[in-house]
Amino acid sequence: MARLDSAHPENVEGPWFVDTRCIRCDVARHWAPGLIEMDSAGRSYLARQPDGPEESAALWRAAEACPSQSIGNIEIRRPPDPSFPHQLTPGVWALGHNAQSSFGAHSYLVERPNGNLMVDSPRYLRGLAELVDDLGGVGHVLLSHRDDVADADRWAERYGAQVWIHAADADAAPYATVIFESTGPTEVSPGAVAVQVPGHTEGSVVFHVDDRWLFTGDTLHWNHRRGELDVTPEQTFYSWAVLADSMDRLSELRAEWVFPGHGKWHNVGAELYAKQMARLGTDMRQTGQAGWARRPDAAFNWE
Ligand code: SF4
């Protein structure tokens, strides 16, 4: 629960507030842009009280997603309806309830006839699980890399689901049932494959579904400040050069939507995806890791 005694000094007056326990993950600003803004230290504050039911719903989503539970309302303690799962496009749901243990990463549920896919893990909450039950539960828990496992074990246990992770990051999920080593596409279920994209970590993978949805973990995201597909230099722990090679590999895939762990999801469109990805790896090599971090509106660097 958000703490009024730690309210951010820059909050505007009114019932909604953000406290200073914020871990700078950027998540709230994805769900409630314009209402929640970033201070000079990267922490969130309430820039404007919501106007109307749509903006109130957006703030409830931000509050339910916030990993540090820093967003509160002094008049109403709970949302009128659960904010998550929240449908982003038919067949893909954001699960919210981002976990602090995964640095506030997003997670998703993908409806599939052969068993739904959970991509990375939200906090395990019984109320959320009951709503996931209504969507058909989970057949496979797909882990994009070692950092974003959160409560994957509890979700897998509830549904008897398979847990997938690449061998290079597998020590982060000792309960995984499918540990794969291939660098090329590895079929997860009909129409869904895993592709290794080392860079952020050695065992990072993306999950590519139906040639149109790309779940990218911490490898690639939509930089909503720059309006382009982007990578995060400060969070590239394995190798910048290898990450650039991974971008070349991703340029060979067809994708419309990009759903990242960190950064904004976006309906990029197949044409723009192909155009931007065709040059991303080359640009990264030319600019270098340090130069990439110095660009205006560089990708947000979460804690
Ligand atoms: S969602 Fe992240 S950025 Fe927003 S208030 Fe919570 S911790 Fe801070």
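The legends below accompany several views of one predicted protein model.

**Conventions.** Residues are numbered from 1 along each chain as its sequence is written. Because the model is predicted, local features need pLDDT of at least 70 and side-chain atom pairs count only at pLDDT 80 or more, whereas totals for chains, interfaces and linings use all residues.

**View 1. The whole protein and its secondary structure.** The protein comes to six helices and 19 strands, where helices (H or I, at least four residues) and strands (E, at least two) are DSSP runs numbered from the N terminus. Its radius of gyration, taken over C-alpha atoms, is 19 Å, close to the 19 Å that the globule rule (2.2 Å times the number of residues to the power 0.38) gives for 303 residues, so the protein is as compact as a globular protein of that length. The C-alpha trace spans about 50 × 45 × 35 Å along the principal axes. Of the 303 residues, 49% are buried, a residue being buried if 20 or more other C-beta atoms, placed from the backbone, lie within 10 Å of its own, exposed if 12 or fewer, and partly exposed in between.

View 2. Domain 1 covers residues 4–73 and domain 2 covers residues 86–293, with bounds that come from an automatic or database domain assignment. The C-alpha centres of domain 1 and domain 2 lie 25 Å apart. Nine residues of domain 1 are in contact with nine residues of domain 2, contact meaning that the C-beta atoms of two residues, placed from the backbone, lie within 7 Å. On the domain 1 side, helix H1 (27–31) and helix H2 (53–65) each supply at least two residues, and the largest share, three residues, comes from H2. This side of domain 1 has five nonpolar, two polar and two charged residues, with Ala, Val, Leu, Ile, Met, Phe, Trp, Tyr, Cys and Pro counted as nonpolar, Asp, Glu, Lys and Arg as charged, and the others, Gly among them, as polar.

**View 3. The shell around the ligand.** The ligand is surrounded by 15 residues, of which the closest are Cys22, Cys25, Val27, Ala28 and Cys66; a residue belongs here if its C-beta atom, placed from the backbone, lies within 6 Å of the ligand. By class, the shell divides into nine nonpolar, four polar and two charged residues.

**View 4. Helix H4 and what covers it.** In helix H4 (residues 152–159) the buried residues are Ala152, Trp155 and Ala156. They cover an arc of only 95° around the axis, taken from the directions from the helix axis to the C-beta atoms, which puts them on the same side of H4. Their cover includes strand S8 (117–119), strand S9 (140–142) and strand S10 (162–166). After H4 comes glycine 160, whose phi is positive, near 60°.

View 5. Phenylalanine 84 and proline 85 are joined by a cis peptide bond with omega of about 0°, and proline 85 lies in the loop between strand S4 (71–73) and strand S5 (86–89). Histidine 97, in the loop between strand S6 (92–94) and strand S7 (108–110), has a positive phi of about 50° although it is not a glycine. Histidine 97 is buried, with 24 other C-beta atoms within 10 Å. Aspartate 210, found in the loop between strand S14 (205–209) and strand S15 (213–217), is a residue other than glycine with a positive phi, near 55°. Aspartate 210 counts as partly exposed, with 14 C-beta neighbours inside 10 Å.
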